[in-house]
Amino acid sequence: MARFLKMTCLNCGIVNRVPGEKIGAGPKCGTCGSRMNDGKVREMDPAVLAKAAKNDDLPLLVDFWAPWCGPCRMMAPAFQEAAQSLAPNARLAKINTEDYPKVSMKNNIRGIPALILYQNGKEIARQAGAIPANAIEDFVRQKAKVTS
Ligand SMILES: [Zn+2]
């Protein structure tokens, strides 16, 4: 019996259902064909974030950042590195709080960078401030249920 994992396409925002055993097989979005969990950090908009936050079964770590924020820019390579390490069992994405100021308010974010971890359709943990790649990875592995 296949267990399906819900995963929002970070490109088009459609919620896909991926069989658990196909998570590592490079699944693509059934609507737009975009790779779902290839270890690349994708930019989200508030609509995609809202959908992913309340649907995704696969752990999703979102970096709330802005271009004017020095520590945010410094953390970007570490965030990308952690995304590669955690793929295909968790996804990392970012949202630009300068473009979308309301998302900070809606999520009670007082300072950036802020990381929010979602799994099984809800927020499970958050972390404030810039941290190195191994700490990002440990945070996801410790707080979420990550397959491997
Ligand atoms: Zn798609």
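Modeller: Buried stands for under 20% relative accessible area and exposed for over 50%, with partly exposed in between, using a 1.4 Å probe and protein chains only. This is a predicted model, in which local features need pLDDT of at least 70 and side-chain atom pairs count only at pLDDT 80 or more, while totals for chains, interfaces and linings use all residues. Residues are numbered from 1 along each chain as its sequence is written, and side-chain values use heavy atoms, with hydrogens and water left out.

Colleague: Okay, then is A47 buried or exposed?

Modeller: A47 counts as exposed, because its relative accessibility is 54%. A47 belongs to helix α1, residues 46-55, where helices are DSSP runs of H or I with at least four residues, strands are runs of E with at least two, and both are numbered from the N terminus.

Colleague: And how far is A47 from G13?

Modeller: Their C-alpha atoms are separated by 7.6 Å, although A47 and G13 are 34 residues apart along the chain.

Colleague: Let's go inside. Which residues of the largest nonpolar core touch the most other members?

Modeller: Those are L61, L92, L115, L117, I136 and V140, out of 19 residues in that core. A nonpolar core here is a set of buried Ala, Val, Leu, Ile, Met, Phe, Trp, Tyr and Cys residues joined through side-chain atoms within 4.5 Å.

Colleague: Which elements supply at least two residues each?

Modeller: They are α2 (70-86), β6 (114-119) and α4 (133-143), and α2 gives the largest share, six residues. There is also a second, separate core of 16 residues, with A52, A53, F64 and I95 among its members.

Colleague: Changing topic, how many salt bridges does a search of the whole structure find?

Modeller: The search finds five, where a salt bridge is a side-chain nitrogen of Lys or Arg within 4 Å of a carboxyl oxygen of Asp or Glu. One of them joins D56 and R91, whose closest N and O atoms are 2.6 Å apart. D56 lies in the loop between α1 and β4 (60-65) and R91 in strand β5, so this pair ties together parts that are 35 residues apart in sequence.

Colleague: Are D56 and R91 buried or exposed?

Modeller: D56 counts as buried at 0% relative accessibility, and R91 counts as buried at 4%.

Colleague: What about E123, which side chain does it meet in a salt bridge?

Modeller: E123 meets R126, at 2.8 Å from N to O. E123 is partly exposed at 35% relative accessibility, and R126 is partly exposed with a relative accessible area of 38%.

Colleague: And which residues are linked in a network?

Modeller: D38, K40 and R42 are linked in a network of salt bridges. Within it, the closest N and O atoms of D38 and K40 are 3.8 Å apart, and D38 counts as buried at 17% relative accessibility.

Colleague: Now K94, what is the nearest side chain of opposite charge?

Modeller: It is D63, 4.6 Å away, and K94 is buried yet has no salt bridge; for charge, Lys and Arg count as positive and Asp and Glu as negative, while His and the chain ends are not counted. K94 is in strand β5, residues 91-96, and its charged end sits over the ring of W65, 4.5 Å from the centre. That description needs NZ of Lys or CZ of Arg within 6 Å of the ring centre and within 35 degrees of the ring normal.
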